[in-house]
Amino acid sequence: MSDQTGKVHLTIRDGVAAILIDRPEARNAMTWPMYEQLAAICTQIAGDTSIRVATFRGAGGEVFVAGTDIEQFSTFKGGDDGVAYEKTIDQIVGQIERLPMPTIAIVEGWAIGGGLAICAACDFRIATPEASFGVPIARTLGNCLSMSNIARVVAAFGVPRAKRMLLLAETITAGEAEGFDFVTEIAEPSELDATVAQMCRRLSSHAAVTMRVSKEAIRRLAQENLPGGEDLIRAAYDSADFGIGVSSFLQKQKPQWTGT
């Protein structure tokens, strides 16, 4: 069993809410309690008009978030569990996306799966040169993303690159992501904090209401009226391959897919 400790911390200083995902010994992989903490923090800061900017960061300086802890899937029995899980993730990622203030993801190292979803829900991403982004579930787990999260990937990278990420299980570098304007700025580790602070000051000086309504308008254009996808989620999580993927991952073995 992996270490199930880990917390999501909130620090508010000078109008900046800093959210730290703190489980570096497990690559900041998210457990159910950590998702609950993240949701509670988003609820708390959403109503605080003194907060001008929110930042999201993984602890340790080596990984942003390596998705959901795979042990969380070991109790899943089938498609219903997958649908419930994806609804929960959609709700929490949606909370990040709906925050009224500008949000910045500070990305050091991997932003994988759920980590990529958190990044994509933020308004801006500042990354180190070693950062990388991906959703390698076709190679690792055999599950799928929700319609909302696939829409975020497509909006960020376009259909051809989304297919490379989701079907070929490719990850992309910070430089490649900057080419798609997904990464706003690349900063060396020694300059990262200063770069983030400069962007926070810039955003804090702008009209809060204008930024809030502009954010919401863009979100509605990108996310409203998405087609349903529960049948697709159910098919993936109900497959034999998903069980094989989880078991193989936890046993550190290469999955032998059956196609069923």
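Me: Helix axes here are lines fitted to C-alpha atoms, over the stretch in contact, and angles run from 0 to 180 degrees between N-to-C directions. With that in hand, how do H2 and H5 lie, roughly parallel or oblique?

Reply: Keep in mind that this is a predicted model. The axes of H2 and helix H5 (residues 147-166) come within 9 Å and cross at roughly 45°. Roughly parallel would need an angle under 35 degrees. That makes the placing of H2 against H5 oblique.

Me: Which residues of H5 make the contact with H2?

Reply: On the H2 side, you'll find Ile 89, Asp 90, Val 93, Gly 94 and Glu 97. By class, the contact residues split into 2 nonpolar, 3 polar and 3 charged. The H5 side is made up of Ser 148, Asn 149 and Arg 152.

Me: And how about H2 and H3, roughly parallel or oblique?

Reply: Their axes are 8 Å apart, and the packing angle is about 25°. Anything under 35 degrees counts as roughly parallel, which means H2 and H3 are roughly parallel.

Me: How many charged residues are there in the contact of H2 with H3?

Reply: H2 passes H3 in a right-handed crossing. Val 93, Ile 96 and Glu 97 of H2 meet Ala 117, Ile 118 and Ala 121 of H3. Of these residues, 5 are nonpolar and none polar, while Glu counts as charged, so the number of charged ones is 1.

Me: Which element gives the most to the lining of the largest cavity?

Reply: The cavity has a volume of about 40 Å³, and its lining is Tyr 35, Ile 89, Ile 92, Val 93, Gly 114 and Ile 118. Two elements give two or more residues: helix H2 (79-98) and helix H3 (114-121). The top giver, with 3 residues, is H2.

Me: What about the largest pocket: which element supplies the largest share of its lining?

Reply: This pocket has a volume of about 1100 Å³ and 44 lining residues, with Ala 66, Thr 68, Ile 70, Leu 141 and Phe 249 nearest its centre. The largest share, 4 residues, comes from H3.

Me: Which element gives the most to the lining of the second largest pocket?

Reply: There's about 610 Å³ of space in it, lined by 25 residues. By class, these are 14 nonpolar, 4 polar and 7 charged. H3, S7, H5, H7 and H8 each give two or more residues. The one giving the most, with 7 residues, is H8.

Conventions
Residues numbered from 1 in each chain as written. Predicted model: local features only at pLDDT ≥ 70, side-chain atom pairs only at ≥ 80, totals over all residues. Heavy atoms only, no water. 1 Å grid on protein atoms, 1.4 Å probe; cavity = no way out; pocket = protein on both sides within 12 Å on 5 of 7 lines; lining within 4 Å. Points joined across faces, edges and corners; volume = space filled by probe spheres on them. Parallel < 35°, antiparallel > 145°, perpendicular 65-115°, else oblique. Left-handed = near helix turned anticlockwise from the far one by under 90°. Contact = heavy atoms within 4.5 Å.
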